[in-house]
Amino acid sequence: MDNQPLTIHSWPRAILHLDADAFFASCEQAVHPELRGKPVITGKERGIVAAASYEAKARGVKRGMSLYEVKKVCPDIVILPSDYETYSLFSLRMFEILRRFSPDVEEYSIDEAFVDLTGLRRSYHGPYGMIAQKMQETVVTELGITVSVGVSLSKVLAKIGSRHNKPRGLTIIPGRDIHIYLKELPIEKVWGIGPNTSAFLRKFGITTALEYARKDEKFIEKYLSKPYREIWHELNGSSVYPVVTETKSSYQSISKTKTFTPPSKDETFVFAQLSKNLENACIKARRHKLAATRLVVCLRKHDYQSDGVDIKLNRPTAYPVDLFGPLREGFNHIYQPDSFYRQTGVVLAGLLPETGIQCFLFDDPVRMEKMSRVYRAVDQLSQNFGKHIIQHAASLPTKLQAQHEGERGDVPQRATDLFKGENKRQRLGLPVLHMKV
Amino acid sequence: MTVNVRSLYNLNMTRDVKEDKLRSRVRDISHFYREKGRMPSFSEIGELAGFQSKNAVFKLVNKLEQRNFIGRDEKGRLIPGSIASSLRTLGTVEAGFPSPAEEELADTLSLDQLLIQNPDATFLLKVSGDSMSEAGILPGDMVLVDKGQPPKSGDIVIAEVDGEWTMKYLKKRGESVTLIPANPKYKPIKPKEELKIAGVVTAVVRKYR
């Protein structure tokens with residue numbers, strides 16, 4: 001019974017999942033070739049491990065470990081500050097390479113993609129495995145990072161495939177082989193099934209993905225809600241989740257939080273940090289043509305205790321000038337003098353498209369028009385000269401001190417090793433190879 | 001097979017004339033919209049175009065809708081499409097007509113396109129040494145390195161030799177490989193083990209001001 005395949009269909013759909021191996025660390029090793037084969041981690045500015053190279057993982061380094069712990073476990077570890085600019089460039093390029101093979105590419109996260117390969121065997125005159133291998137090899141050759149790939153009949157199965165044999169794995173799971181891969185797979189390792197549902201399923205004697213898939217549909221319908229039914233179909237080789245190519249169309253909320261080192265009890269400085277977050281959130285809102293109807297203000301103390309307040313706005317807006325009033329009120333409400341703060345956060349919530357805003361009774365349309373022109377000018381200047389070329393006065397005190405003093409203030413090499421014509425804010429959109437030639 | 005050249009000419013002429021007519025009709029409706037602040041009704045469109053039959057108006061409206069000059073709301077009433085945007089003096093790009101100036105520029109290459117053949121595989125590298133100075137690559141220059149092109153003999157490559165990276169000409173003769181500098185101070189390198197090539201140098205950029 002256990003050796004019976006789950007489905008008789010070989011390839012009704014072919015979905016590929018690509019997962020970059022130790023992405024941030026791999027990008028660093030690609031632009032710093034002297035770090036290849038060495039234990040490397042990123043996340044220095046956070047004080048914890050964001051990504052660890054496979055060499056570091058082999059030494060017991062795990063994501064989320066504090067830098068102090070890492071140095072104990074692996075004294076020769078190389079610790080780098082995050083270079084999101086470079087990682088983003090690698091990520092975009094990775095997706096573009098995938099798009100050479102199929103237009104249906106879903107950018108699932110910065111280092112993961114789903115690609116719909118259905119029907120491409122004809123164009124490539126070969127099996128899906130061959131196409132997947134070509135995609136994988138192209139990424140390795142052109143970017144210098146390795147990726148693991150899984151190809152199967154559904155997204156859930158493709159993800160199981162990509163995870164199966166990391167790093168640089170290539171796992172093809174046709175319909176007749178699904179049961180082989182699910183047999184030893186613990187149920188909580190299935191995408192979409194978390195610890196609570198696993199514990200629940202355990203009560204029915206379901207501990208592996210295969211046991212779950214082999215349950216009849218009536219059982220699943222009786223005891224589990226829609227998402228788990230969908231997963232059941234996907235595990236059985238029946239694709240429910242399509243590969244979604246459109247990018248995020250809108251936001252429900254925009255949040256900006258930033259930690260600073262060392263923690264401060266200077267009220268002006270802390271408010272300035274908050275104000276800068278507000279300006280950043282508003283810039284993002286305006287870029288997506290959204291306006292907020294609620295403002296959330298958060299402060300976090302050095303002992304990690306947080307306080308927050310949710311403020312309803314009387315008019316949708318994405319202009320800091322309108323929000324400084326509520327921001328100050330919210331700040332005063334939660335700020336405790338003589339406390340050390342380490343982080344401030346702002347959330348613009350209840351976002352509406354800016355075109356849908358009508359004038360309210362007490363609005364001053366002349367002022368609104370004026371403010372709209374002011375911020376349009378600000379956004380235009382930012383485009384030409386870099387973000388924060390113009391700031392509200394309340395944010396200026398942030399310039400008095402680096403975001404992170406000391407070791408955590410380390411910046412990526414790309415930010416300091418500039419070419420002629422580049423400046424602190426604006427750089428060429430190509431990754432730099434750090435080699436001495 | 002003889003082709004009736006005159007009929008071809010007439011066909012092209014007719015097409016241009018049709019476009020001109022359409023262009024002037026779009027201008028008239030756009031004018032109306034801006035003057036009155038509303039879209040003309042079907043009969044008003046008829047008046048503007050000089051049509052007697054309603055059918056002719058329908059045909060025109062469909063054509064305009066197809067080209068996105070006008071649209072329709074949920075109730076089926078006409079709403080402005082691209083005619084609502086202001087007309088530029090150079091040409092009506094929003095209206096779908098390429099301006100003569102822009103048509104000439106359609107095939108230009110940007111500097112980016114000229115210098116970068118494979119945008120997904122091209123990297124920047126700042127040169128620090130002078131081993132290729134006689135090839136015109138000086139310390140401080142920026143070179144563009146393409147990892148997507150298979151290296152050929154005669155290419156300038158970034159190669160790893162004995163754990164060190166170097167930029168040299170690649171010379172392949174059968175099985176033997178030599179790395180050749182462009183500076184008499186340096187000697188050619190004959191790698192003993194397999195050569196690792198990081199990419200091909202496709203351009204050098206030096207900014208003076």
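## Chain B at a glance

Buried residues account for 20% of the 209 residues in chain B. Keep in mind as you look around that this is a predicted model. The secondary structure of chain B consists of five helices and eight strands. Following the sequence, these elements come in the order α-α-α-β-β-α-α-β-β-β-β-β-β.

## Where chain B meets chain A

Now to the contact between the two chains. Chain B contributes 19 residues and chain A contributes 19 residues. On the side of chain B that touches chain A, at least two residues each come from strand S3 (122-126), strand S4 (142-146) and strand S6 (164-173) of chain B. S3(B) provides the largest share of that side, with five residues.

What kinds of residue make up this side of chain B? The side of chain B that touches chain A has ten nonpolar residues, five polar ones and four charged ones.

## A hairpin in chain A

Over in chain A, there is a strand pair to visit. Strand S10 (residues 290-301) and strand S11 (residues 306-317) of chain A run antiparallel and are joined by eight bridges.

The hairpin formed by S10(A) and S11(A) has four residues between the strands. In this hairpin, Tyr304(A) adopts a positive phi near 70°.

Note on methods
Residues numbered from 1 in each chain as written. Chains lettered and ligands numbered in written order. Predicted model: local features only at pLDDT ≥ 70, side-chain atom pairs only at ≥ 80, totals over all residues. Pairing = 2+ DSSP bridges. Buried ≥ 20, exposed ≤ 12 C-beta atoms within 10 Å, placed from the backbone. Contact = placed C-beta atoms within 7 Å. Nonpolar A, V, L, I, M, F, W, Y, C, P; charged D, E, K, R; others polar.
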